[in-house]
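Visitor: Could you show me how to read the features of a model like this one? I would like the general idea each time, and then the case at hand.

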Amino acid sequence: MEKHQIIKALYGAKTLYHQYGEHMLERSRLSSLEVQKVLAEFEAMKLAESQHQ
């Protein structure tokens, strides 16, 4: 392999890992938002239940 091919391959790998990292961060952020939403709904249900007693 020539030097420029190696550099191009390394740059491609770095870019690919960067994109994967961004994808994983976005998935984590979405999961966190979903958990927060579920917890908020649960708290609202508890509050509504306590007001009916």
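Visitor: Is Glu43 buried, exposed or partly exposed, and how is that decided?

Guide: Buried means under 20% relative accessible area, exposed means over 50%, and partly exposed lies in between (1.4 Å probe, protein chains only). Glu43 has 44% relative accessibility, so it counts as partly exposed. Before we go on, this is a predicted model: local features need pLDDT of at least 70, side-chain atom pairs count only at pLDDT 80 or more, and totals for chains, interfaces and linings use all residues. Residues are numbered from 1 along each chain as its sequence is written, and side-chain values use heavy atoms, with hydrogens and water left out.

Visitor: Which side chain does Glu43 meet in a salt bridge?

Guide: A salt bridge here is a side-chain nitrogen of Lys or Arg within 4 Å of a carboxyl oxygen of Asp or Glu. Glu43 pairs in this way with Lys46, at 3.5 Å from N to O. Both belong to helix α1 and sit 3 residues apart, about one turn of the helix. Lys46 is partly exposed as well, at 42% relative accessibility.

Visitor: How many salt bridges does that rule give?

Guide: The count is 2. Glu26 and Arg29 also form one, with an N to O distance of 2.9 Å. These two residues are 3 apart in helix α1, so about one helical turn separates them. Glu26 is partly exposed at 35%, and Arg29 is partly exposed at 47%.

Visitor: How many helices and strands does the chain have?

Guide: Helices (H or I, at least four residues) and strands (E, at least two) are DSSP runs, numbered from the N terminus. This chain has 1 helix and 0 strands.

Visitor: What does the radius of gyration say about the overall form?

Guide: It is taken over C-alpha atoms, and the globule rule is 2.2 Å times the number of residues to the power 0.38. For 53 residues a compact globule would come near 10 Å, but this chain has 23 Å. Along the principal axes, its C-alpha atoms fill a box of roughly 75 × 10 × 5 Å. Buried residues make up 0% of the chain.

Visitor: Where is Met1 placed, and is it buried or exposed?

Guide: Met1 lies in the segment before α1, which spans 3-52. With a relative accessible area of 78%, Met1 is exposed.
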